[in-house]
Amino acid sequence: FWLKQSAMLRQVRWASRSAGAPKRKPNEGLSDGAQWALTIGLGTIVPAVFLAKCFYNTGAQEAERGAREELARHRAAEEVARTAKPAATSLPSAGKAEATV
């Protein structure tokens with residue numbers, strides 16, 4: 001059993017040494033750094049642009065703008081109510097201290 005295993009181990013070692021990485025000629029293809037830059041760049045930029053286009057085309061941008069306008073209208077109405085409130089509450093009391101429920 002041990003002889004077979006050691007022979008198999010020698011064969012595996014020999015195959016792994018002879019199989020090594022393929023050698024490239026110096027001026028053949030892009031460098032590894034350029035290939036990684038393309039892979040990472042295209043893998044993130046292309047999907048990001050696609051998602052941005054989908055977001056824009058579905059009207060989400062328009063809905064967000066409408067929501068901002070609606071919030072601005074509510075803030076303006078709240079400010080008007082806040083500034084008009086003290087004048088309206090001082091008129092009915094006219095100096096009398098009555099409690100209303």
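Glu64 and Arg68 sit 4 residues apart in helix H3, so about one helical turn separates them; helices here are DSSP runs of H or I with at least four residues, just as strands are runs of E with at least two, numbered from the N terminus. In this predicted model, the two side chains meet in a salt bridge, with an N to O distance of 3.2 Å. The term salt bridge denotes a side-chain nitrogen of Lys or Arg within 4 Å of a carboxyl oxygen of Asp or Glu. Glu64 has a relative accessibility of 38% and therefore counts as partly exposed, and Arg68, at 49%, is likewise partly exposed. On this scale, buried means under 20% relative accessible area, exposed means over 50%, and partly exposed lies in between (1.4 Å probe, protein chains only).

Residues are numbered from 1 along each chain as its sequence is written, and side-chain values rest on heavy atoms, with hydrogens and water left out. Because the model is predicted, local features need pLDDT of at least 70 and side-chain atom pairs count only at pLDDT 80 or more, while totals for chains, interfaces and linings use all residues.

Helix H3, which covers residues 60–93, also holds Arg65 and Glu62, 3 residues apart and thus separated by about one helical turn. Their side chains form a salt bridge at 2.1 Å, N to O. Arg65 is partly exposed because its relative accessibility is 35%; Glu62, at 47%, is partly exposed too.

The side chains of Glu79 and Arg82 meet in a salt bridge of 3.1 Å, N to O. With a relative accessibility of 42%, Glu79 counts as partly exposed, and so does Arg82 at 48%. In total, the count comes to 6 salt bridges. Side chains of opposite charge can pair when their charged atoms come close.

Turning to helix H2, its 26 residues (residues 32–57) should span 38 Å at 1.5 Å a residue, and the C-alpha atoms at its ends are 37 Å apart, so the two values agree. The expected span is 1.5 Å times one less than the number of residues in the helix. After H2 comes Gly59, with a positive phi near 90°.
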